[in-house]
Amino acid sequence: MAQQKTEFSEHMSFEFLELLRKKNPAWRLLTSSQAPFVASFHYREFIAENKRQIAEQELISRLEGFIELLSQGRDDSLFPRSGREYLDDWANDEHGWLRKFYPPGQDEPYFDLTSLAQKAIEWLLSLRQQVFIGTESRLITVFELLHQIVERSETDPKLRLAELQRRKAEIEQEIIRVQKGQVELLDETQIKERFWQAMRTAREILADFRAVEQNFRELDRGMRERIAIWERGKGELLESIFAKQDGIAQSEQGKSFAAFWKFLMSSAYQDDFKSTLDKVLQMKPVQEMGPSRNIRYIHHDWVNAGAHVQETVAALSQQLRRYVDENFLEEERRINQLVREIEGKAVAIRNTPPSDWSMEIDGVKPEISLPLDRPLFSPPQRPELKDDIMDAGSDDVPAEALFSQVYVDKEKLKDRIGYLLQSQDRISLSQIIGHFPLELGLSELITYLVIASESSQAAFHPDELEEVFWQDETGTRRVAKLAKIIFQRV
């Protein structure tokens, strides 16, 4: 009891909470005067849509549209600053609600929600008055977890066999009841309760990915700082770094993430999860709850989130490899020493940068152009338009249709292609649309064609035609004939 009180006093002491209030981005968000504005926008763009990263220009456009929506009907300017200023302010060290970064091969910055900001928004979301509280499903989950702990940690074979016999007897009794027609079904309340808890846990998994990725980034940052200021032998540094890497892989978080990723990458799991989720979403009680359309593709979001974590780990390994592959010739030692001195000074003043300074650089590299480096000309592929006679229609089309806009998420379509290529080497566009029917009609089909024209994984076969079907907003079945497009795994 005394030890528990000591632990409580350490984690909930006045000094600790005072420091947390000043330093923690989640607490700063909750106490900010902009909290309703910041939390609602971030929830709308990142959490509700399960987005991991958004390009700067796209996010600025959405933020300014959101500000314009909030300012309607007001004489005064509720939010006077520009969208870019708000994003840069939320991404600085003082707030820490967004992470600004450059993905590999991109010259435009991207933004992602930080794990602590998501934690604050999820807490605000939990304050809503719920229609019902799923006490039964949570109690069953607790019992099942406790049973798993006891069963899977029992070393006595006799006790383990006794438990398995008990479960076997229960299953046999249930088989007899079903054969007699005595089937116990969940009522509508129980179905809604379990679905609500399952989807809440599914969203929490995405939040956990952000926290895991942040932990790996902090490790990567610490290792870079350590390399920058290291003055002793190279062997000692590598030994300490590899020891820390092994410690991460063997840590509780590392083992849990590795097991989760292995389970998630199983094709049998993915097929089972998809078929089960489709059956659940077709149930009437679940449809009455109005689940988000993104729920159907939640396992794709898990894969993308896990891939981001893997990319962070790969970047860490690449940094180590770069250091190991350095050619320590006499001429390069001086250059490496100067670079490390600059990096060491940069790390030293990271938290207290000078308020006024400037620097001019004539050029960062020489401009060299070799004739043999120029690629050969490859004529662009252009679609062939047939000059067919168009029949005049008799229906009147409202003029408002000319101004309606449909937004097609290009990144989501790329994710669908990548997901299907995980289980097969090549797939046609018609097969992709067979798995993921067109929801936005012709606009979505054209976006697929744009992706194919920009991707090195796609190949056009003009001699072969394939048909693609969809239903428009009136329920009319539409068909398009186009050249066969094959996507291949790299």
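## The model and the chain

The structure is a predicted model, in which local features need pLDDT of at least 70 and side-chain atom pairs count only at pLDDT 80 or more, while totals for chains, interfaces and linings use all residues. Residues are numbered from 1 along each chain as its sequence is written, and side-chain values use heavy atoms, with hydrogens and water left out.

The secondary structure of the chain comes to 19 helices and six strands, where helices (H or I, at least four residues) and strands (E, at least two) are DSSP runs numbered from the N terminus. Of its 490 residues, 30% count as buried; buried means under 20% relative accessible area, exposed means over 50%, and partly exposed lies in between, with a 1.4 Å probe and protein chains only. Among the contacts with a separation of 6 or more, 66% join residues 24 or more positions apart, a contact being heavy atoms within 4.5 Å.

## Aromatic pairs

A pair of aromatic rings is described by the distance of the centres and the angle of the planes. Rings of Phe, Tyr and Trp (its six-membered ring) pair if their centres lie within 6.5 Å, and planes under 30 degrees apart count as stacked, over 60 as edge-to-face and the rest as tilted. A search of the whole structure finds eight aromatic pairs. In one of them, the rings of Phe37 and Phe79 have centres 3.9 Å apart and planes at 20 degrees, so this pair is stacked. Because Phe37 lies in helix α4 (residues 35-47) and Phe79 in the loop between α5 (56-71) and α6 (83-91), the pair ties together parts that are 42 residues apart in sequence. Phe37 is buried at a relative accessible area of 3%, and Phe79 is buried at 15%.

The rings of Phe41 and Phe66, in contrast, have centres 5.6 Å apart and planes at 45 degrees, so that pair is tilted. Phe41 lies in helix α4 and Phe66 in helix α5, so the pair ties together parts that are 25 residues apart in sequence, and both Phe41 and Phe66 are buried.

## Tyr86 and the ring cluster

Ring pairs link Phe37, Phe41, Phe66, Phe79, Tyr86 and Trp90 into a cluster. Tyr86 is found in helix α6 and, at 3% relative accessibility, counts as buried. Leaving aside neighbours within four places in sequence, Tyr86 is in contact with residues including Gln34, Leu63, Ile67 and Pro80. Tyr86 and Val38 are 48 residues apart in sequence, and their C-alpha atoms are 9.4 Å apart in space.

## Charges over rings

A charge sits over a ring if NZ of Lys or CZ of Arg is within 6 Å of the ring centre and within 35 degrees of the ring normal. The charged end of Arg81 sits over the ring of Tyr86, 5.3 Å from its centre, and Arg99 lies over the face of Phe101, at 4.0 Å from the ring centre.

Arg99 is also one of the residues touched by Thr114, when residues up to four places away in sequence are not counted. Thr114 has its place in the loop between β3 (110-113) and α7, and at 13% relative accessibility Thr114 counts as buried.

## An exposed loop residue

Leu127 lies in the loop between α7 (115-126) and α8 (135-152). With a relative accessible area of 54%, Leu127 is exposed.
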